[in-house]
Amino acid sequence: MIQPEQESAGPAITPRTRARARHILDHYFVGPARDERVLEIWGYTGRYSYRPGETVGLQVSTTAETWSLEVGRDGADYVPVLRAENLPGRHQDTPLDCSVNGCGWDISHSFVIPDDWAAGAYLITLRADRADDAVEEHHVIFVRRAAHADPAPMVLVCATGTWLAYNCWGGSSAYEGITGPDCNAFSPVLSNQRPWTRGFCKLPQGAPRALTERPTDPGGMVRYPYMEWAYAYGYSKKYASAGWASYERHFARWAEAEGYNFEIVTQHDLELEPDLLAGHRCAVFVGHDEYWTAAMRERVERFTENGGRVARFAGNFLWQTRLENNAQTQVCYKYTAKEADPLMGSDQEHLLTGAWDAPPVNRPGAQTFGVNGLKGVYAGLGNCVGQGSGGFTVYRPDHWSLDGARLGYGDQLGATSRIFGYEVDGVDFTFDDGLPYPTGRDGTAGSVEIIALGMATNVEADFAHWGETLYIGTADAEFKALTMHGELTAETLDKSSRGNGAVIYWEKGNGEVFCAGTCEWVAGLTRRDSQVEIITRNVLDRFCR
């Protein structure tokens, strides 16, 4: 039984991991030194988004005597809009359970959002220095919401549920941590009242993506370049899995440069404002959007049924969550949901914080987006389809979304820009005369059109290379076997090992859904893959008009 209230300080890298030479693959986290001799600065805002006239309170802890800040709009171009210098520094105590219950820091500085700041995402740079020329920076992102009247045709919804789940600042995330009786367990309860881990808000140019830039060498050892880079430069190894800097930022910059009129909101806004999508023509989701509440899904489904269009260029729709404490706390028991989630056995069992596709939730992601998380998941990560093309195989080249892309049957979409991975969503399908059709066994509607497919896996291939250590291994396939088939046997493990990623189109109710079920679609935009750009424009132009 996980006991998040027992969080305590533990070594980021234990003697056991050192002995096994697994520094990079095993747990480490970003957090405070808790030592005033160490120059550092950290900060966070109480909320993820603000409207004009509202006050942004910055909770900052620093060991410097003074600090400064710069606020800039992070759009197609970065535009500074506010600076403050010589702010008095204060080193605030960080509770050992900050990952679970928040830091509880006092507000150090505040400012009011002016009416003339354009809507969009804003980067706050906190900077501290000492006389020996040492400089330390930390970054915070927030969304400046648009005015209530006259909504833009398109709205980009940032995957803050996934950002929060991967945020390891202070010790614990939804993957690893310092909770539980042995201080080595992930936390099913996470607070957003703490800084973002390093790399979520800003990254240097050239920081590796989770998907490698070329297929793996069949004769070499498995590599995870983004983790190696993170370890070498002191970033969180989760930076390539979630956050503004790796995903939403790339789409927002591209779309703004292309001239699209859109607003930016967060999943937390979607939770707190039931009618948030009303008035928009198209809702866009990009990157890695793994964690959702039931209310968020319901709002997207109602939007689509009522005639809205959904463009999802994202992958890994997998876990149901709950937001508590006025949306400051996210709960997701994940693999332990049946044993540890207090809703198990109650009349609210359908809200269990486990996988959407599995009992007792039994609400496949395909009912919202036409694809399912557990029909994926991995491609291009380590030895998980490590020698794959990095793209989708096209099966329906005449679909309107591919107009002008010069793609024929069997061609590879996005292979040169490596858009397929690192986690993907798929469908249960069958072939008839060389074309894929959904079987419906996984909850996918029969009217879903499968445009393109790629192969994925839940088992990382083990080629018995001496000295090699695998990251994914078989753990995810074992979970799927137990969850979907009720037992772990050689047969159920085999059934759970294979997956796929799909590009689909679906006329749902009075609306439409286009879904490219991959985390890395944005890589095609940043690398200026003309075919990926054409398809993105086709979808947005149709859905926004």
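Visitor: Which residue is the bridge partner of Arg322 in β16?
Guide: In this predicted model, Arg322 has Val331 as its bridge partner in β16. The two strands involved are β15, covering residues 319–324, and β16, covering residues 329–331, and they pair in the antiparallel sense over three bridges.

Visitor: What holds paired strands together in general?
Guide: Strands of a sheet pair through backbone hydrogen bonds, and the pairing can be either parallel or antiparallel.

Visitor: And what is the strand order in the sheet that has β15 and β16?
Guide: It is an open sheet of four strands, ordered β10-β16-β15-β13, and its pairing is mixed. The edges are taken by β10 (189–191) and β13 (291–293), each of which has a single partner strand, so one side of each is left without a neighbour in the sheet. On average, neighbouring strands of this sheet are turned by 40° against each other, if direction is ignored.

Visitor: Which helix lies across β13 and β15?
Guide: That is α7, which runs at about 80° to β13.

Visitor: How far apart are the ends of α7?
Guide: The C-alpha atoms at the ends of α7, which spans residues 294–305, are 16 Å apart, and this agrees with the 16 Å that its twelve residues should span at 1.5 Å a residue.

Visitor: Is α7 mostly covered or mostly open?
Guide: Mostly covered, since nine of the twelve residues in α7 are buried. Among them are Ala294, Met296, Arg297, Arg299, Glu301 and Phe303. Just after the helix comes Gly307, which takes a positive phi of about 110°.

Visitor: New topic: what is the order of the three-stranded open sheet?
Guide: The order there is β1-β3-β6, and the pairing is antiparallel. The edge strands are β1 (41–45) and β6 (109–112), each pairing on one side only. From one strand to the next, the twist averages 25°.

Visitor: How many bridges join β1 to β3?
Guide: Five bridges join β1 to β3, and the two strands run antiparallel. On the other pairing, β3 (residues 55–62) and β6 are also antiparallel, over four bridges.

Visitor: Why is β1 described as largely enclosed?
Guide: Because five of the five residues of β1 are buried, the strand is largely enclosed by the rest of the structure. In a regular strand, the side chains alternate between the two faces of the sheet. Both faces of β1 are covered, with Ile41, Gly43 and Thr45 buried on one side and Trp42 and Tyr44 buried on the other.

Visitor: How many disulfides does the structure hold?
Guide: The structure holds zero disulfides.

Visitor: Are Cys201 and Cys544 buried or exposed?
Guide: Cys201 counts as buried at 3% relative accessibility, and Cys544 counts as buried at 11%.

How values were computed: Residues numbered from 1 in each chain as written. Predicted model: local features only at pLDDT ≥ 70, side-chain atom pairs only at ≥ 80, totals over all residues. Heavy atoms only, no water. Pairing = 2+ DSSP bridges. Axes fitted to C-alpha atoms, helices over the stretch in contact; angles between N-to-C directions. Expected span 1.5 Å × (residues − 1). Buried < 20%, exposed > 50% of the residue type's maximum accessible area, 1.4 Å probe, protein only. Contact = heavy atoms within 4.5 Å. Disulfide = S-S within 2.5 Å.
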